[in-house]
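Hello,

Here is the structure I said I would pass on. My notes follow below it.

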Amino acid sequence: MSEPMLQVTGLRAGYLDTTVIRDLSLTVTAGEVAVMIGPNGHGKTTLLRAISGLITPAAGQVLLDGQDVTGWPAERIAAMGLVHVPQGDGLFPEMTVEENLMMGAFPAQSWRERRREVARIYERFPIVAGKAPQRARTLSGGERRLVALGRALMRTSRIMLIDEPSLGLAPVAIDAVYEAIAALKQSGATVVLVEENFTHVGGVADAVHILEAGQIVASGPFAELSVDPTVVQTYLGSLS
Amino acid sequence: MVTNFVAIVVNTIILGSIYGLVAIGMTLIYGTLRILDMSQGSMVMVGSFIGWGVLVVAGWSPVLAILAAFAATFMLGVLTQLVSVQPLMKRRNAIDFEMVTFITTFAVAMVLTNVALEVLGPFQRNVTPVISGGVTIHTVNLPYQSLAMAIVSIALMAGLGLFLSRTRWGMAIRAVAQNLDAARLMGVPVGKLYPLTMGLASALAGVAGVFLGGLYFAYPGAGDLPLLEALIVVIFGGLGSLPGTIYAAYAIGLIQATAEQIVGETWSLPILYGVILIVLIVRPYGLLGKPSEARL
């Protein structure tokens, strides 16, 4: 058994007076792709935001590669090697695609180092390379998502959190996005992936956790949970 | 006729450049922090006194006056941010952040004005022009001071543009302006970046003060009119838009210079504000503003 890359224990988090995540615990080992599945409004995005430090947990503990990062500001956790691709895409709309990518390697001091990373991303995503001088807001939804994934790869990460990469995209764009995620998995990345249902995650998921009302209500390997009629009917309404 | 035309061109460039320099810091701050920094006028005032101190009292060089004003108002701007804005940052979503910081930065401005009044007295001090003499083009008199002011203003605005587009920290400022959460996820330390941004903006106003002090005087109220003018320029250009602010600065310069030539000085300001009134009624978000407010 390898060391846990991410260990969340007893996490409680939310906004102002609303608690969204209640007493949640989760362990993700190195090299694992963990998928959080749950309906809208049940805390998937809030969970990721609490892990990456965009919101401060009210209780509980977050360990990143053994280091307690609970309550740290997002920029400090990011510097520790956590990469979070937020819902939507989190791009800088008035910046060019290339500038967006450069921002992905902000902690790297040297321009040469960052330029080299940009070249590597262009090689990996030719579609992104073709859009280099365009402003991010002028791209299609699928292109934006790919740029966001490319930007996430601009620096070496210990763990990557990806929030609903298929949301609002056309099927062909979803395929392209999941191809990129599969390649990520191939390269041995540790990933926490959030989705609303099982539809797209089959090719990449190791463990699956079902999130309901801010708690994990079922966990197991993808192969088991995705065909378990109780899980599918109780938490997801129907087989999708 | 030729004289009129030359006068309009010359005065547009001079007025527009100084309006731009006074206002651009305000836009930088609004685009990044979403606040109207009412201490920007005080930075002009402090800059004009530093110009007076270095040029008149100490008798040193103009370059030193500009550098000293830049450095001092940079630090003052950082301090202003730490005292009047940073403590409210954590609660920005729970309060009317824009309105509260409007008042807190105004409070800093009041303190600075009254410290100046107490320490230096209510006198209008003549500031030696950064450069004396002038040149006459088609009977239009162009003092070198005005020319130097326009050149330095344009250089500083261009420098700011290069800083924002070509440097790591400049890009980080734009990133924070466009998507705060995403910028933090990239590892941008916003706690350092916000004071830096306000320091930079204040330094530009401080340099403007050295030149304005030479045109008018250094006195505790020297920042009042520039503050009002800066507010008008940034709103006319569209809040938070840097290109908008520069267009607005030169557009206002052009209207004012043209009106001065055609109907004389008395009516130039009423005509200018009449045009601004009409433009804002037609385009309430300013020349380049958007309903969602531009972000640098």
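Which residues of α10(B) are buried? The model is predicted, and in it the buried residues of this helix are Pro226(B), Leu227(B), Ala230(B), Val233(B), Val234(B), Ile235(B), Phe236(B) and Gly237(B). Their cover includes α1 (2–33), α2 (40–57), α9 (190–215), α11 (242–263) and α12 (265–282) of chain B. An α-helix has 3.6 residues a turn, so residues three or four places apart point the same way.

After α10(B) comes Gly238(B), with a positive phi near 105°.

On chain B as a whole: there are 12 helices and 2 strands, in the order α-α-α-α-α-β-β-α-α-α-α-α-α-α from the N terminus. The C-alpha trace spans about 60 × 50 × 35 Å along its principal axes. A compact globule of 296 residues would have a radius of gyration near 19 Å, and chain B agrees with that at 19 Å. Of the 296 residues in chain B, 51% are buried. Among contacts in chain B with a separation of 6 or more, 78% join residues 24 or more positions apart.

Last, the contact between the chains. Chain A puts in 19 residues and chain B 16 residues. On the side of chain A that touches chain B, α2 (74–79) and α3 (97–104) of chain A are the elements that give two or more residues. That side of chain A divides into 12 nonpolar, 4 polar and 3 charged residues.

Regards

Conventions
Residues are numbered from 1 along each chain as its sequence is written. Chains are lettered from A and ligands numbered from 1 in the order in which they are written. This is a predicted model: local features need pLDDT of at least 70, side-chain atom pairs count only at pLDDT 80 or more; totals for chains, interfaces and linings use all residues. A residue is buried if 20 or more other C-beta atoms lie within 10 Å of its own, exposed if 12 or fewer, and partly exposed in between; C-beta atoms are placed from the backbone. Helices (H or I, at least four residues) and strands (E, at least two) are DSSP runs, numbered from the N terminus. Two residues are in contact if their C-beta atoms, placed from the backbone, lie within 7 Å. Ala, Val, Leu, Ile, Met, Phe, Trp, Tyr, Cys and Pro count as nonpolar, Asp, Glu, Lys and Arg as charged, and the others, Gly among them, as polar. The radius of gyration is taken over C-alpha atoms; the globule rule is 2.2 Å times the number of residues to the power 0.38.
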